[in-house]
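Here are a few friendly notes to read alongside the model. I have set them out as numbered points, one topic at a time.

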Amino acid sequence: MNAAEIHARLSELLGARAGTLSAANKDEAALIAPRDLLEVCRALKTDDALAFDALMNLGCVDWPGKSEIELVLHLFSYARRHGFVLKCRLDRAQPRVASVVPIWSSAEWLEREQFDLFGVVFEGNPDLRRLLMPDDWIGFPLRKDYEEPESWHGISTVRESPLDGFVRLDELKKKLAASRAETVKAADAPKPDGAP
Amino acid sequence: MSAPGTDPSATMTSGKEVLKRIEYSGEMLVNMGPQHPSTHGVINFLVQTDGEEMTRAIPEVGYLHRSIEKIGERCEYAGFMPYTDRVDYIAAMFANQGWAMACERLFAIEVPKRAEYCRVIACELNRIASHLISVGTMAMDVGAVTPFPYALREREFINDLLEELCGARLTYNYLRIGGVAFDLPDGYSERVLRFVDHFEKVLVEFDRLITQNRIFVERLRGLGVISRALAIDHCLVGPNLRASGVDWDLRRDLPYSAYPDFEFAVPVGTGAVGKTGDAWDRFWVRTREMQESCRIVRQALQKLPEGPVMAKVPRRLKAPEGTDAFSRIESARGDMQYYVVAGPGEMAHRLKIRTGSFNAMGIIEKLSRGIMLADLVALIASLDVVAPEIDR
């Protein structure tokens, strides 16, 4: 089934809770309300025509401008051989959503990773700990407004650069071009004593 | 205190103490790693064990976290290519291809036919090299040291061939968005064919040496059995999934690149020596995949079309902000996925890489319950995890 058919079947099962299907993007995705996530996922897995038995990917996208974090789930069905994308928008100040671990076990580590890097709380995940960062790390590194701390347990995260005063190549080119233009200008200017 | 060796009784343990130790049957928590040779990189396992039998092993990852996803948000699309090599340095060509394909989808770039063939040849050679490391180290991890140097000897030939192609032996940076960096050098086909001819004979030897070796089979049969349902539920991918009896290969079932042009079989675990989805099945699937890769390389060299190896790619790659693209490729460690969201400028807003090793690590805690400590080593090896691919 293609995305439109899958979404039609989902709407048949859940009505308005199946959300809206985007058309603009490369991969069509259904945008659903966060509170419906678990129910939609359960329907996607248990319905015989849909049979999404695998959660392929679960990722977050931070949009500080819209003050929301977008949760993206890529699903796939080995039984029916089709894929689908689910999206839901969470409040950036307090991102909380139900965990999908009861439906797909692969979500456990994927959710832990997103909790670690974005601070999204997946309610019901049996082992919601930091995965990649140290347990006592402060902040969520993949958020757009994240600032790296200067040190961790007395270990500095900043190093002095041996290339102090180093200029980026494109800036250097700009500088050179500007100075060349200056020279040309000076050469073109009429000399005060009329010399060639 | 006397110097060691002067008073033998000081270093001897009394019989009473030995007895006490034997009677002791408390559970302990032992760290296995992060610098343990069997962890194939830097991973720590918190092993809860009572003697040889484990209660469970909890993987602790993150020691190789280099925030490649964050770097991807601060790097232009084309400039990110060398970083993808570091995602999986044993099979870097696939990491290159995943990124190239995600960007090609994002910017709707059509890749020339010859470039696709070059990609297939490079990737399949890389798959053989990666599987050689996997089967070699797996044999070594369960105690058979001999196959490892043989596997590495063959891998050296592939490293030489890939070095000739792109100048690097591990971190290739060969693929470009819209094609490949260099065309095949003169006489390359003959040299690759000579290697493939030689390697197919070596594979037969290798099977005699280890795959069908009685001791090896007895060691691995029925070990770490992953059922079909468990494999799908935990989203295992690639050889690990196929060993559990799922007949699925992206190259055949969701074809990309030039794969529809080639004929090849997809080996699936059948439990020939024990149960379907045991460690031996995973080993066997990899050895057969090397054979199939040889077939694909041979066909690709025969059918190699003429033409350019780079598409016309705009100098500035830009897509409307928020557009996303998703790519899936069959890497040596299975289904590798890149999810990229375009940013306002020439950089990605978000990049997510989902790798095979990451999912394979998630299943270890479940499988480790009640098995022997030595079997944990074999289990990790059979899942073919590569630490940088887990942490990225």
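**Notes on chains A and B**

1. In chain A, strand β2 (residues 29–32) and strand β5 (residues 82–91) run parallel and are joined by 4 bridges. If you want a place to look, A:Leu31 has A:Lys87 as its bridge partner in β5(A). Do keep in mind throughout that this is a predicted model.

2. That pair belongs to an open sheet of 5 strands in chain A, ordered β1-β2-β5-β4-β3, with mixed pairing. Because β1 (20–21) and β3 (54–63) of chain A each have a single partner strand, they stand at the edges, and one side of each is left without a neighbour in the sheet.

3. Which strands does helix α2 of chain A lie across? Helix α2 (residues 37–46) lies across β2, β4 (68–77) and β5 of chain A, and runs at about 175° to β5(A). Helix α3 (residues 107–118) of chain A also packs on the sheet, where it touches β3 and β4 of chain A; its direction makes about 10° with that of β3(A).

4. Turning to chain B, here 3 strands make an open, antiparallel sheet in the order β1-β2-β3. Its edge strands, β1 (28–32) and β3 of chain B, each pair on one side only. From one strand to the next, the twist averages 25°.

5. On one side, β1(B) and β2(B) are joined by 5 bridges, and B:Asn31 stands opposite B:Leu46. Strand β2 (residues 44–50) of chain B also pairs with strand β3 (residues 53–60) of chain B, over 7 bridges in the antiparallel sense; in β3(B), B:Ile58 is the bridge partner of B:Leu46. β2(B) and β3(B) form a hairpin with 2 residues between them, and B:Gly51 in the turn has a positive phi of about 70°.

6. Now the helices of chain B. Helix α6 (residues 113–141) and helix α13 (residues 279–303) of chain B have axes 9 Å apart and pack at an angle of about 155°. An angle over 145° counts as roughly antiparallel, so α6(B) is roughly antiparallel to α13(B). Their crossing is left-handed, and the contact of α6(B) with α13(B) has 16 nonpolar, 4 polar and 5 charged residues.

7. Finally, please look at helix α8 (residues 188–211) of chain B. Its buried residues include B:Val192, B:Phe195, B:Val196, B:Phe199, B:Val202, B:Leu203 and B:Phe206, and B:Asp207 is also buried. The buried residues of α8(B) pack against α6, α7 (147–166), α9 (214–220) and α13 of chain B.

Methods. Residues numbered from 1 in each chain as written. Chains lettered and ligands numbered in written order. Predicted model: local features only at pLDDT ≥ 70, side-chain atom pairs only at ≥ 80, totals over all residues. Heavy atoms only, no water. Axes fitted to C-alpha atoms, helices over the stretch in contact; angles between N-to-C directions. Parallel < 35°, antiparallel > 145°, perpendicular 65-115°, else oblique. Left-handed = near helix turned anticlockwise from the far one by under 90°. Nonpolar A, V, L, I, M, F, W, Y, C, P; charged D, E, K, R; others polar. Pairing = 2+ DSSP bridges. Contact = heavy atoms within 4.5 Å. Buried < 20%, exposed > 50% of the residue type's maximum accessible area, 1.4 Å probe, protein only.
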